[in-house]
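Biologist: I'd like a close look at one part of this model. Here is what I have on screen.

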Amino acid sequence: MLSAASMSGCKTAEDSGESSVRGEPIIDIHQHVGYSGRANDVLFEHQGTMGITRTVLLPAGRPVLSASTHDGVSNGLQAKCLGNEACYRFAKEHPGSYLFGANEVPDLEEAVKELEKYLKLGAVVIGEQKFGIECDSPAMQKIYKLATDYRVPILMHWQYRMYNYGFERFYKMLEKYPKTKFIGHAQTWWAHIDKNYQDDTSNLYPKGGVTPGGITDRYLSDYPNMYGDLSAGSGLNALTRDEEHARAFLDRNQDKLIYGSDCNDLVGSIPGCQGAETIAVLRRLAPSKAIERKLLYGNAKRVFRL
Ligand SMILES: [Zn+2]
Ligand SMILES: [Zn+2]
């Protein structure tokens with residue numbers, strides 16, 4: 001299997017000393033090509049403005065009408081995101097600074113074959129898995145196994161009764177596939193940092209004080225193969241809703257949390273860019289410079305084997 005680095009045959013942005021304004025490399029593990037219709041040159045500029053030195057592009061699955069895509073509602077990851085070939089090509093055009101994932105609608109018969117095609121081309125992650133399917137279904141378990149075989153993490157969008165069902169019993173998968181690195185993302189994942197979180201149905205962006213010990217907090221602390229993707233409004237909200245909690249949370253999960261942007265704006269700076277805001281918040285709340293660097297760079301490098 002070729003790694004993305006050997007595929008590119010080039011020096012990486014970090015190696016060549018190219019970096020953000022502060023002279024520090026940042027890896028963004030969560031962006032999309034064609035996101036809400038955004039043009040490729042605008043995506044490229046956006047990432048540069050944010051100070052990102054390496055970006056992982058997460059493809060959508062192919063467009064299909066099925067229960068797992070809610071009859072097509074979640075095609076394009078519900079945001080016009082493009083698929084494997086578009087992400088692969090974008091990464092090939094920007095060797096060193098862009099990497100790509102492999103994705104597919106998990107319950108299609110050809111899912112594993114399609115994922116393997118791009119894993120063999122150097123995909124560094126499986127995802128973004130954002131489909132209406134049970135997290136312990138046979139189809140998903142095949143993909144967890146594939147992630148182990150190719151030594152790539154799998155990134156899952158958790159959203160109650162919409163994407164990846166059965167969050168409360170997901171620990172069974174963490175135990176059954178101990179060599180698979182799982183990365184949690186999105187509303188239900190982040191809402192459950194709070195032990196007192198109850199309202200799964202209507203309140204996907206809970207505010208206010210957080211009591212440690214929620215399902216997410218326990219998965220992160222109890223399972224070495226569980227990681228968290230800090231991207232999107234849900235990740236940012238989890239940090240800003242209770243900053244005192246966030247400092248301690250970042251401290252105790254300093255080797256488990258990974259920066260991603262997942263923003264679809266055109267600007268790449270504050271105001272208007274949630275990815276840039278998340279970087280600013282992490283720099284403010286990280287308990288030390290060393291932890292900040294893990295969150296913005298080191299953890300991604302290690303978990304994605306970059
Ligand atoms: Zn996304
Ligand atoms: Zn942005």
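Predicted model: local features only at pLDDT ≥ 70, side-chain atom pairs only at ≥ 80, totals over all residues.

Is strand β1 (residues 27-31) mostly covered or exposed, and how many of its residues are buried?

Modeller: Strand β1 is mostly covered, with five of its five residues, 27-31, counted as buried. As for its partner, β1 is joined to strand β2, residues 54-57, by three bridges, and the two strands run parallel. If you want a spot to look for on screen, find I27, which sits opposite R54 of β2. There's a helix in this story too: α2, residues 40-50, goes together with β1 and β2 to form a β-α-β unit, and that unit is right-handed.

Now for the cavity. Searching the whole structure turns up two cavities of 30 Å³ or more. The second largest cavity comes out at a volume of about 40 Å³. Its lining consists of Q187, W190, A191, L204, Y205, P206, S234, N237 and R241. Two elements, α7 (187-191) and α9 (232-240), each give two or more residues to that lining. Of the elements, α7 gives the most, with three residues. Sorted by class, the lining of this second largest cavity has five nonpolar residues, three polar ones and one charged one.

Notes: Residues numbered from 1 in each chain as written. Chains lettered and ligands numbered in written order. Heavy atoms only, no water. Buried < 20%, exposed > 50% of the residue type's maximum accessible area, 1.4 Å probe, protein only. Helix = DSSP H or I, 4+ residues; strand = E, 2+ residues; numbered from the N terminus. Pairing = 2+ DSSP bridges. Right-handed = clockwise from strand over helix to strand, strands pointing away. 1 Å grid on protein atoms, 1.4 Å probe; cavity = no way out; pocket = protein on both sides within 12 Å on 5 of 7 lines; lining within 4 Å. Points joined across faces, edges and corners; volume = space filled by probe spheres on them. Nonpolar A, V, L, I, M, F, W, Y, C, P; charged D, E, K, R; others polar.
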